[in-house]
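This report describes a protein and DNA assembly, with attention to its strands, a helix, the chain contact and the surfaces near DNA.

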Number of protein chains: 2
Amino acid sequence: MSPERTRRRIPDATVSRLPVYLRILGEQGEVGVENISSEGLAELAGVNAAKVRKDLSYLGSYGTRGVGYEVAYLVYQVRRELGLTHDWPVVIVGAGNLGQALAGYGGFGERGFPVAGIVDIDESKVGSVLGGTRVRHIDELPQIVQTRRVNIGVIATPGAAAQDAADRLVKAGVTSILNFAPVVLSVPRAIEVRKVDLAVELQILSYHEQRRAGGAIHAVQNGTGRTASA
Amino acid sequence: MSPERTRRRIPDATVSRLPVYLRILGEQGEVGVENISSEGLAELAGVNAAKVRKDLSYLGSYGTRGVGYEVAYLVYQVRRELGLTHDWPVVIVGAGNLGQALAGYGGFGERGFPVAGIVDIDESKVGSVLGGTRVRHIDELPQIVQTRRVNIGVIATPGAAAQDAADRLVKAGVTSILNFAPVVLSVPRAIEVRKVDLAVELQILSYHEQRRAGGAIHAVQNGTGRTASA
DNA sequence: CTGGCTTTGTGAATGTGTGCACGAGTGCCT
DNA sequence: AGGCACTCGTGCACACATTCACAAAGCCAG
C-alpha cells in the first residue's frame, strides 16, 4: 500500500540524477552486489555522497544505517518514482540522419522506450524500414499516437521543420517532447519539453577551450597570475 | 585586488544560454534586423528579459539604453566570448550508428566544428567513408589529434568502450570531451567533459508523465497561454 | 535645451542547489 | 549485554541562479 496522497515534489536536479543512479544500480546488481553505500554509489556516479543521500531521501527512507542501500529494492523504488514500471512508447518525427540513428539504436526499446513509429513528411522516405520499424507519412501521426497510446514524441527534423513537428505532436495528443532540433519550440504550457542540442554542447566546450588558451595570453597582458579553476 | 581578474568569469548558466542567443541573433541578422531589445531576444529565446540583460552584461555593456543591442556587433561579441572566432576541429571515436549520424550530419562543419577524423577500434569499419571522412583505426588517434590540432573529442561508442575511448583521447592530447555513451567517465580534473544521454532525457520525461498520470488532482486547464521552452 | 519615452544595467530579494557536520540507527564482535 | 565501527538522514550555512524593480542613459520631437 503506497499512500498516493504524499504528493512530494522532487527537485529537478535530483530527477536528472536518478536515471544515473538507476543505471549504476542495475549494473551493480548484475555483478552480484547486494548492498551499496551512499559513498560507493557516489563514487560510481561521480558526485558527492551527501548529495546521493539527499537525493534518495526524497524517495523515502530506503537505506539502512550502518549497512547502506539494498540494491534490488532501491532499483525498484527509483524505477517506480521515475515511472519506469511500464514501457513508454515513443514516436520519432524525422527519418533523416538522426532519426535513422535513433531508430536503429536498439537502446531505446531495451530501456523501456520502444519506438512505436517513425514518420517523415517526405514521401520518398516513407516505406523504408529502420530498426524494424517502417517509416510512415507524418499525416499518420495522430493514428499512431492514439492506437499505440504514445505520450512521448522525439523531434529529429531539421530546425526549419521542428515547430511544425511540435505542433503536430501536440495536436496528436503527445504531452512530452524530446527535441533534437536547434530551435526554441513554442508549445502549450502543459507540455514538457527537453532539448538536446549538439551545437550548444560543442560551443560550451569551445568556450572553455578558448578560456584555457586565452587565459595565458591574458595573464601575460595583465601581468597577473591566475589560478587554474579547480 | 585587480577587478580585471574577476571580470571575465561567466556563470555556467549564462554560458549555456549564450549559444542560444547567438543562433537567434544570427537568424535575426539574416532577415535584416539591425537592433534587438532584451525583451525581443528574450521572447525568441524563451527566457526572461532580465536574464538576457544580465547574461549579456557579463560580456560588457554592449547595449544602448532606449534602443537595444546592435545585432551584428552583439553577434561578434558573443562569438568572441565563446571562442568561435576560429574553427575547432573535432575527432569522433566510434563509427557505429551514432558516429555515422554525427559524421553524416553536415551541421558540425557549418557551425565551426569540422570533423577532423573518425576512428573505430573495429578493423571491419576502417576504410568506409562517412560524410566525406574516411574511418581510420583508433591507433591513429594520436596522429590525427596532433596533425590536425584537435582539442575536442566526441565519444560515440557503446558504453563498455567509452572509458577506453576517453583514456585514449586524453592521452592523445584532447582537452574537451563530448560524451554520448551512458557512462560516467573518469578523466583528469583539467579535462572538460559534457555528457549527452538520451536514456536520461527520456527517463526525465517519463518522470513527468508518471507524475501527470498520478495527479488527477490537476484539472487539465486548457491553457491558452503558450510558453516557449528550451 | 527640455521633457517624455524607451530600454539598459544592476542592486536587492527570492528561490534553488550543494556540501559539511553530526545525531541517530544498525549490525558485528567480544 | 555492551561497546564499537559504520552509514544513513537531515539541519544549516553557503553558493549559485533567477527575478524584480528602478535609476541612469540615450533618443527624439518641438
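Which residue of β5(A) is the bridge partner of A:I92? In β5(A), that partner is A:I118.

## Basis of the model

This is a predicted model, in which local features need pLDDT of at least 70 and side-chain atom pairs count only at pLDDT 80 or more, while totals for chains, interfaces and linings use all residues. Residues are numbered from 1 along each chain as its sequence is written, and chains are lettered from A and ligands numbered from 1 in the order in which they are written.

## Strand β5 of chain A

Helices (H or I, at least four residues) and strands (E, at least two) are DSSP runs, numbered from the N terminus. Strand β5 of chain A covers residues 115-120, and five of its six residues are buried; a residue is buried if 20 or more other C-beta atoms, placed from the backbone, lie within 10 Å of its own.

Strands pair if DSSP finds at least two bridges between them. Strand β4 (residues 90-93) of chain A runs parallel to β5(A) and is joined to it by four bridges. Three bridges join β5(A) to strand β7 (residues 133-137) of chain A, again in parallel. A:I118, the partner of A:I92, is also bridged to A:V135 in β7(A).

## Helix α9 of chain B

Helix α9 of chain B has 14 residues (159-172) and should span 20 Å at 1.5 Å a residue, which agrees with the 20 Å between its end C-alpha atoms. The expected span is 1.5 Å times one less than the number of residues.

The buried residues of α9(B) are B:A161, B:A162, B:A165, B:A166, B:R168 and B:L169. They pack against β4 (90-93), α8 (141-147), β8 (152-155) and β9 of chain B. After α9(B) comes B:G173, with a positive phi near 115°.

## Relation and contact of the two chains

The contact (C-beta atoms, placed from the backbone, within 7 Å) takes 58 residues from chain B and 57 residues from chain A. On the side of chain B that touches chain A, α10(B) gives the most, with 14 residues. That side divides into 26 nonpolar, 21 polar and 11 charged residues. Here Ala, Val, Leu, Ile, Met, Phe, Trp, Tyr, Cys and Pro count as nonpolar, Asp, Glu, Lys and Arg as charged, and the others, Gly among them, as polar. Of the interface residues of chain B, 81% are also interface residues in chain A, so the copies meet through the same surface.

## Surfaces near the DNA strands

Of the 26 residues around DNA strand C, A:P11, A:R65, A:G66, B:G63 and B:G66 come nearest. The largest share of this surface, five residues, comes from α4(B). The surface near DNA strand C comprises nine nonpolar, 10 polar and seven charged residues.

Around DNA strand D there are 27 residues, of which A:S61, A:G63, A:G66, B:P11 and B:G66 come nearest. Here α3(A) provides the largest share, five residues. The surface near DNA strand D divides into nine nonpolar, 10 polar and eight charged residues.

Conventions. Near = placed C-beta within 6 Å. Contact = placed C-beta atoms within 7 Å. Buried ≥ 20, exposed ≤ 12 C-beta atoms within 10 Å, placed from the backbone.
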